Amino acid sequence: MTAQSAALAGLDLRAEIDRLRKEKNAVILAHYYQKPELQDLADFVGDSLELSRKAAETDADVIAFCGVKFMAEVAKILSPQKTVVLPDLNAGCSLEDACPPEKFKAFREAHPDHIAITYINCSTEVKALSDIIVTSSSAEKILSQIPRDQKIIFGPDRHLGGYLSRKFDREMLLWPGVCIVHEAFSETELLKLMAQHPGAPIAAHPECPPTIVDHADYVGSTSGILNYAKTIEADTLIVATEPHIIHQMQRAIPNKTFIGAPGADGNCNCNICPYMALNTLEKLYISLRDLTPRIEIEEGLRLKAKESLDRMLGMASGTVGMGDLGAR
């Protein structure tokens with residue numbers, strides 16, 4: 001037991017979080033990749049951008065974002081007047097880490113005839129250096145609106161960029177970042193699983209490498225995968241994304257079976273996001289109690305980053321966050 005756990009021993013954390021939610025006039029957000037106990041007590045569960053948009057529409061004074069740092073930063077970009085806290089400030093993202101702002105800036109300057117279409121999984125600084133931000137649910141609609149003769153930089157996820165490049169038959173300069181979660185899926189183990197469940201459809205996130213995406217019956221955002229699970233007639237679905245989404249699938253469609261796609265070790269444990277896993281009930285309680293760690297963004301930087309987000313919302317607002325479960 002950690003010293004922190006010992007200090008909180010005896011507390012009913014769920015009751016205390018509910019008390020603080022009311023006392024602080026807070027809204028609690030949980031991404032689909034969070035632990036089930038965090039999803040179950042959240043006011044909203046969903047994909048990253050749509051959570052921030054929902055929080056912006058509330059009269060809450062405080063946003064507690066159970067997710068990762070770039071997600072909480074987006075919440076602050078959209079709700080600068082609200083206090084935004086992240087239970088663990090070390091909850092980062094391998095895609096953000098793979099795209100340092102200074103290197104991205106230099107890359108852009110080396111290709112002045114290219115526009116930068118950038119996946120939302122990046123830092124506020126990289127958003128400010130980008131022309132248009134995309135989500136996995138909005139990327140296709142946005143790319144379809146870009147003239148074919150316009151040269152494009154796509155970052156930081158080379159797998160999502162590669163998927164779009166193949167689908168639209170468009171050459172793009174791809175930043176070489178990957179999501180460590182989706183990179184961990186094994187084609188060999190997936191083929192074994194497919195043999196065990198013949199005919200079971202496969203849903204994959206476009207952050208997966210081509211060796212996984214090419215086997216998928218459906219490729220889409222986390223919300224899109226959830227919607228697909230609700231609409232298919234099959235009673236078993238193989239899911240190639242972070243396995244905590246299966247909690248929402250089981251809640252929404254308890255009569256179906258959902259199987260997480262395996263990693264190289266033959267199970268899905270290596271596909272649990274280590275950054276998302278840093279958030280806990282204890283840390284959420286402390287962040288609400290102390291209103292720390294807070295997300296702060298310099299106003300000039302916030303406004304510059306918001307420009308690229310606003311361009312996305314203007315071009316593809318109807319596709320962003322489709323399938324969110326909404327209020328509990």
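Start by selecting helix α4, residues 48-57. Its buried residues are Ser 48, Leu 49, Glu 50, Leu 51, Ser 52, Lys 54 and Ala 55; buried means under 20% relative accessible area, exposed over 50%, and partly exposed in between, with a 1.4 Å probe and protein chains only. That is seven of the ten residues, so α4 is largely enclosed by the rest of the structure. Helices are DSSP runs of H or I with at least four residues, strands are runs of E with at least two, and both are numbered from the N terminus.

A word on what you are looking at: this is a predicted model, in which local features need pLDDT of at least 70 and side-chain atom pairs count only at pLDDT 80 or more, while totals for chains, interfaces and linings use all residues. Residues are numbered from 1 along each chain as its sequence is written, and side-chain values use heavy atoms, leaving out hydrogens and water.

Now zoom out to the whole chain. You can look for 17 helices and 13 strands. The radius of gyration, taken over C-alpha atoms, is 20 Å, close to the 20 Å that the globule rule gives for 328 residues, so the chain is as compact as a globular protein of that length. That rule is 2.2 Å times the number of residues to the power 0.38. Along the principal axes, the C-alpha atoms fill a box of roughly 60 × 55 × 35 Å. Of the 328 residues, 57% are buried.

Next, show the aromatic side chains. How many aromatic pairs does a search of the whole structure find? It finds three. Rings of Phe, Tyr and Trp (its six-membered ring) pair if their centres lie within 6.5 Å; planes under 30 degrees apart count as stacked, over 60 as edge-to-face and the rest as tilted.

Select Phe 107 and Trp 175, an edge-to-face pair with 5.4 Å centre to centre and 80° between the planes. Phe 107 sits in helix α7 and Trp 175 in the loop between β8 and α11, so the pair ties together parts that are 68 residues apart in sequence. Phe 107 is partly exposed at 22%, while Trp 175 is buried at 9%.

Tyr 218 belongs to strand β10 and Tyr 228 to helix α14, so the pair ties together parts ten residues apart in sequence.

Then click on His 247 in helix α15. Is His 247 buried or exposed? At 17% relative accessibility, it counts as buried. Not counting residues up to four places away in sequence, His 247 touches Pro 36, Gln 39 and Asp 40; contact means heavy atoms within 4.5 Å.

Finish with the backbone. Most residues other than glycine have a negative phi, and most peptide bonds are trans. A cis bond joins Gly 155 and Pro 156, with omega about -5°, and Pro 156 is in the loop between β7 and α10. Another cis bond joins Thr 292 and Pro 293, with omega about -10°.
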